[in-house]
Amino acid sequence: MASIDITDVRKAYGAVKILHGVDLTIQDGEFVVLVGPSGCGKSTLLRMIAGLEDISAGEIKIGGKRVNELDPKDRDIAMVFQSYALYPHMTVAGNMSYSLRLRKTAKEKIAAAISGAAEKLSLTPLMERRPKALSGGQRQRVAMGRAIVRKPKAFLFDEPLSNLDARLREHMRGEIKKLHQDLGATSIYVTHDQIEAMTLADRIVAMNAGVVQQVGSPLDLYDRPANLFVAGFMGSPAMNMFEGTYRATDGAPRIELGQGISVPLAGPAPTAEGTKVTLGIRPEHVLVGRELPGGFEARIDLVEPTGFGTILHASAFGSDVKAFSLERGLAERGDTVHVAFPVERIHVFDTATGARIG
Amino acid sequence: MTEAVNAAPYGRDRRPFLRRLASASEPYLYSAPALILIVTVMLVPLVIGISYAFRDMTLLDPFSGGFIGLDHFRALAKDKTFWQALKNTVYWTGYSVALQFCFGLILALLLDKPFRGRGLAQALCFLPWAVPSFLSGLNWAMLFNPIVGPIPHWLYGLGLMSAPDNLLSSPDHAMWGPIIANVWWGIPFFAITLLAALQSIPRDLYEAAAIDGATPFQRFRSITLPFLAPTIAITVMLRTVWIANFADLIVVMTNGGPADRTQIVASYIFTQAFRRLDFGYASAIAMVLLALLLVYSMLIVLLRQTLLRER
């Protein structure tokens with residue numbers, strides 16, 4: 001087990017810059033998820049920690065030791081690949097014991113290590129099979145088994161669940177979390193799926209275009225997104241965003257959304273009168289009803305029942321408003337209703353910079 | 001067809017005999033054109049050729065052609081030149097295939113790594129394969145000739161030869177001339193096929209192995225070789241059969257000489273058939289070669305299947 005320190009790490013392929021200086025410290029035993037859209041540099045960063053990509057600039061330390069110049073084999077990390085990368089000509093036992101055999105570990109120790117890992121991952125009846133005779137979920141577990149037999153300093157996961165179907169993904173998510181609670185190993189997990197990030201992480205690192213956007217606990221990122229990118233990326237259905245103008249001259253801070261609608265704010269925002277701002281509110285915080293004080297009229301365009309709740313798409317003040325409610329039968333398509341934005345649930349961002357201002 | 005299938009389970013077929021015959025022969029009629037073509041182009045010449053081995057077929061003797069049983073094979077068993085040619089064939093095939101394979105594998109491994117100008121290097125490396133074998137034989141014969149070629153002078157300069165003589169006229173070393181020409185000519189075949197196989201190995205396996213702690217040589221042994229093994233087996237088998245039958249370079253460069261020292265079975269067949277015009281005897285030799293190569297191929301196919309099953 002070890003901590004990982006990443007200091008001003010950059011990556012460029014020729015003139016194309018992939019990472020623009022990443023600083024991050026991962027505590028011993030922490031589960032950190034790197035999340036972001038495709039091409040944001042999260043996988044590149046993980047591969048640089050693993051030693052599969054050169055570090056263009058900056059420094060990576062594992063357990064306090066600089067590893068920039070070390071080969072992957074000398075970094076003492078284990079990685080689970082998206083494609084699993086199991087050796088097709090070896091059995092499950094062979095795959096799991098390969099790293100130990102390379103280290104010339106004693107036979108009895110190898111047998112103990114792989115049977116322990118197999119038990120933890122319920123792979124014991126499959127030990128003599130080859131990967132092609134396994135299902136996707138079983139292959140995934142073998143890939144994890146291969147990682148844990150070594151007791152490495154850190155586990156790296158590169159989108160390990162994206163080749164599985166939805167149900168299995170949910171199941172394996174639980175297994176990974178349980179495994180981490182068992183082993184308490186430092187883990188870095190890359191995904192583009194914000195649900196995986198939310199459920200697994202001790203801390204989430206949200207990335208976009210090679211820059212870290214926000215680092216924090218899952219609920220931090222959800223409840224207080226630092227900018228428009230994080231606000232839009234985390235959460236499904238996605239946060240409602242409305243552009244407007246900040247007004248506070250008369251001592252009542254509010255955002256004018258057009259068509260004579262203005263939404264009052266809890267307090268003044270640190271910005272000038274007349275600034276273009278973006279109001280954000282999560283669909284589950286939008287109130288919908290026949291008559292709401294401080295609400296405004298909206299027409300229901302679309303009703304999406306999810307079973308768990310209902311997503312309502314409504315149009316108001318020339319914009320689309322999404323609302324999520326656990327209640328069923330709140331409204332039908334074509335109904336005219338009232339929607340309201342509770343003042344304590346409103347996020348305010350500067351439209352030009354994207355930064356959170358209230 | 002469907003009618004015939006449906007009618008079958010219901011006891012005696014009551015349709016007229018000709019109708020039944022027509023529907024029963026339908027599949028054979030459809031495949032007849034292809035079968036007839038294959039039989040006439042492939043089997044007929046093969047059977048006629050094999051029949052020569054049991055007949056007295058000498059082109060210059062108008063009374064030849066009679067059945068003589070196993071006489072040719074009896075003569076063959078006592079033919080010293082044939083046994084020498086068989087030994088030479090093993091020598092020629094073994095060295096040619098082994099060297100072609102080694103250099104081809106090295107070339108494929110080098111071309112698998114990206115570097116500047118790889119496209120051009122690949123094209124150049126595969127060039128010898130495009131040279132007609134006769135031309136390459138003539139070219140190498142010229143290179144080994146001390147009057148016009150540089151190689152004897154280089155070997156002399158390096159102290160490997162006591163005088164700049166023609167390698168092809170030395171009874172002890174003449175076989176190396178065609179072998180070297182053959183290796184030069186055949187490396188691209190192995191390089192191309194092995195490169196294709198190398199490029200089909202998923203890259204992340206190498207990455208996983210690197211993280212697992214494997215050195216480059218261990219990665220080669222535990223990933224590259226197992227993945228290449230089936231391709232290696234099939235290409236080595238193909239090349240062995242081809243090279244054992246491949247008399248072009250020898251006929252062009254040494255014509256089997258000096259004193260039959262470079263005579264292989266294939267060139268001996270050529271000599272018997274087209275110089276001595278004894279087609280019967282040549283055909284008997286060819287049958288022996290065919291039988292040997294068949295046995296060899298069966299062994300390799302078995303080996304390949306074992307390798308593939310292990311995957």
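1. Strands β16 (residues 296-305) and β17 (residues 310-316) of chain A pair in the antiparallel sense over six bridges. Within this pair, A:Arg299 stands opposite A:Ser315 in β17(A). Four residues lie between the two strands of the hairpin, where A:Gly307 takes a positive phi near 90°. The coordinates under discussion belong to a predicted model.

2. Two of the facing positions can be named: A:Thr310 stands opposite A:Ser325 in β18(A), and A:Ala314 has A:Val321 in β18(A) as its bridge partner. The hairpin of β17(A) and β18(A) has two residues between the strands, and A:Phe317 takes a positive phi near 35° in it.

3. The domain assignment for chain A gives domain 1 (4-233) and domain 2 (240-350). Their C-alpha centres lie 39 Å apart. The contact between these domains takes five residues from domain 1 of chain A and five residues from domain 2 of chain A. On the side of domain 1 of chain A that touches domain 2 of chain A, three residues are nonpolar, two are polar and none is charged.

4. How many residues does each chain bring to the contact of chain A with chain B? Chain A gives 17 residues and chain B gives 15 residues. On the side of chain A that touches chain B, β6 (77-80) and α2 (92-102) of chain A each supply at least two residues. By class, this side of chain A has 12 nonpolar, three polar and two charged residues.

5. Chain B is likewise divided by the domain assignment, into domain 1 (2-52) and domain 2 (78-310). The centres of domain 1 of chain B and domain 2 of chain B, taken over C-alpha atoms, are separated by 44 Å.

6. A helix pair of chain B deserves a separate comment. The axes of helix α8 (residues 176-199) of chain B and helix α10 (residues 216-244) of chain B come within 10 Å and cross at roughly 155°. Because angles over 145 degrees count as roughly antiparallel, α8(B) is roughly antiparallel to α10(B). The crossing of α8(B) and α10(B) is right-handed.

7. Which residues make the contact between these two helices? From α8(B) come B:Asn182, B:Gly186, B:Phe189, B:Phe190, B:Thr193, B:Leu194, B:Ala197 and B:Leu198, which meet B:Phe227, B:Leu228, B:Thr231, B:Thr235, B:Arg239 and B:Ile243 in α10(B). The residues of this contact of α8(B) with α10(B) comprise eight nonpolar, five polar and one charged.

Methods
Residues are numbered from 1 along each chain as its sequence is written. Chains are lettered from A and ligands numbered from 1 in the order in which they are written. This is a predicted model: local features need pLDDT of at least 70, side-chain atom pairs count only at pLDDT 80 or more; totals for chains, interfaces and linings use all residues. Axes are lines fitted to C-alpha atoms, for helices over the stretch in contact, and angles run from 0 to 180 degrees between N-to-C directions. Angles under 35 degrees count as roughly parallel, over 145 as roughly antiparallel, 65 to 115 as roughly perpendicular and the rest as oblique. A crossing is left-handed if the near helix is turned anticlockwise from the far one by less than a right angle, and right-handed if clockwise. Two residues are in contact if their C-beta atoms, placed from the backbone, lie within 7 Å. Ala, Val, Leu, Ile, Met, Phe, Trp, Tyr, Cys and Pro count as nonpolar, Asp, Glu, Lys and Arg as charged, and the others, Gly among them, as polar. Two strands pair if DSSP finds at least two bridges between them. Domain bounds come from an automatic or database domain assignment.
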